[in-house]
Amino acid sequence: MLETGEGGLRGGKPAYMKEEPGMREAETMADGQTPRERANEAAIVCEGLTKRYGATLAVDGLDWVVPKGSITGLVGPNGAGKSTTMKMLVGLVRPTAGRAWVLGRDAAGESLLIRARTGYMPEEDSLFRWMTAEDAMAFSRLLYPTWSDALFRETLDLFGLSPKVPVSKMSKGMKRQLALALTVAQRPELLLLDEPTSGLDPERRRDFLNVILKSVAREGVTVVMSSHQLHEAERVADRVAFMRGGRIVRESDLDALKEAARRIRVVFQGEPPPDLAQWEGVVRVEADGRLHLLQVSGDVDALIARLKAYNPFVVEVIEYNLENLYFETSGKGGTRP
Amino acid sequence: MTAAVRALLFKEIREGRWKFAIAALVLMAVGVSVPLAYEMFGGVLGELLEDARIPQFLKELLPPDMLQMDTYLWSNWHAKNLYQTVVVVAIIFGSSAVAGEFSRGSAQYLFSRPVTRRSVVLAKTGIDLLWIALAALLGTLALDITGRLAHGYAVPWTFYAGLVPILAGGAFVYGLALVVSTRLDDSVKAGVLAAVVAALFSIPSWVPAWRSFSVYVQMTGRALYRDGAFPWLPVLVMVALAAGLVAAAAERLEKRDIA
């Protein structure tokens, strides 16, 4: 799988990425390919994609590749540029600079073809208020040659939505469910879901994610889902991209990311080994008195065995979840496990 | 016609049907009332002409044929109620066409569908103008039928032909409102601004030498009533201007961000 890191073509990697396994920068994967060639291999390719609103830089030279068939969780704080990026990909917003290719098509010049093959679910409730689910079905059926009435009705049934109720009479959660039912029934090749579960209770959220997963299983679609609900992204995504300040600052397979973020906490009885930072598999050492937190990679068991030879008070492996990684990446601290 | 265009037409027809129903009902009610008010109008006018307190020069300003049914109907329908209502309806429809999608929050959904923005504008324009034309026709039919029933008077063909300059002018006003609608996200603000802009176009009608340049004067189809000559040139000019405005609106929408 292709993986990108902070800066891409424009800058260096931050310290936390340097030894993480399975991560490469955008320029190393280019391999002399033309953007079009790369675009044909990936679902989404962004090169220097930039959007500026007056003095505000919403997206800052974004270099990003989303492999076909992947489920990518796009996470980041408010104002990180997630929604603007999605809007540029479907042609709602024009880039100030840079280019993007979606499903092999130029997002600036071929957005109509992209929209025909992409299911985009905006963050805001934006369905026509006068429409019932049946009206929406009649409207969408004409727009998408791949539209499936059966899939739409099946999803409505799963959510327990009536096809006769107008959108204006629906709760926020019902509107989100109808929007998702409409999006998956298009049977798109790419799903762009912008905060799809916001406003849903846990039960509906679970059904919602199941529909997404079923859709992926059935059609093999590529999914990009922005979310503040990190456990959701953790549940459905096989890749995670952290966005901040209009750029992807960290991205990898979820497993590789967790693997790379594993820590060993060790409390030595006496002095720690003087060459600890140079040990094989030790990426970084944070020391606080006799407590040492080791960022590690590779064979953790071998490392623990080597540490135990020093008779430490405590030696344990700490598994990071996405929330820890999110806070680490966003630089906001957060709870340590 | 592509499936996407059919989808847009379906949406516009469903979405605009209540606006059309209200416009049609208003025009039909006015259409019915105009022939019914003829005798009352004649009575009032007769009293005014006989009132010695009214100066003679004022009485002479009144057209001598004012009490004739054809003059009465034309002046109260084409030159007053119909054209004014069509202008108001055109402003309401045009100003809410695009701005309404933003103020209702449906713009992102609509413009992320596989349809071009130009086709959205053209579908909206086509359906809205069709609604306006149908409402004007229904109002005129209501007037005609009431005139026949109440007074045994059948309007001449020119009465229906007079709808054409009114609708051409209505299309021009709609185009103005549509351009405003692509620049503002609030349909109420767009409506107010469109009304102000439309009002500015009435300035030529205040100056006798410029009256023929006024869209509102041309809408009344005076030449058609007086001479029976169809006003081809004003109609073509108004239609061309309307087409230019709709194209400008589509161009403007094409370039803007749907944020």
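Here are some questions and answers on a predicted model of chains A and B.

Guide: Residues are numbered from 1 along each chain as written, and chains are lettered from A in the order written. Local features need pLDDT of at least 70, side-chain atom pairs count only at pLDDT 80 or more, totals for chains, interfaces and linings use all residues, and side-chain values use heavy atoms, without hydrogens and water.

Visitor: What makes β4(A) and β5(A) a pair?

Guide: Strands pair if DSSP finds at least two bridges between them. β4 (residues 97-102) and β5 of chain A have two bridges, in the antiparallel sense. So they meet the rule. Strands here are DSSP runs (E, at least two residues), numbered from the N terminus. In β5(A), Asp106(A) is the bridge partner of Trp101(A).

Visitor: Why are β2 and β5 of chain A said to stand at the edges?

Guide: The open sheet runs β2-β1-β4-β5 in chain A. β2 (56-67) and β5 (105-106) each have a single partner strand, so one side of each lacks a neighbour in the sheet.

Visitor: Why is the link between Lys51(A) and Asp257(B) called a salt bridge?

Guide: A salt bridge needs a side-chain nitrogen of Lys or Arg within 4 Å of a carboxyl oxygen of Asp or Glu. The closest N and O atoms of Lys51(A) and Asp257(B) are 2.6 Å apart.

Visitor: How many residues of chain B are in contact with chain A?

Guide: Contact means heavy atoms within 4.5 Å. By that rule, 29 residues of chain B touch 28 residues of chain A.

Terms used. Helix = DSSP H or I, 4+ residues; strand = E, 2+ residues; numbered from the N terminus.
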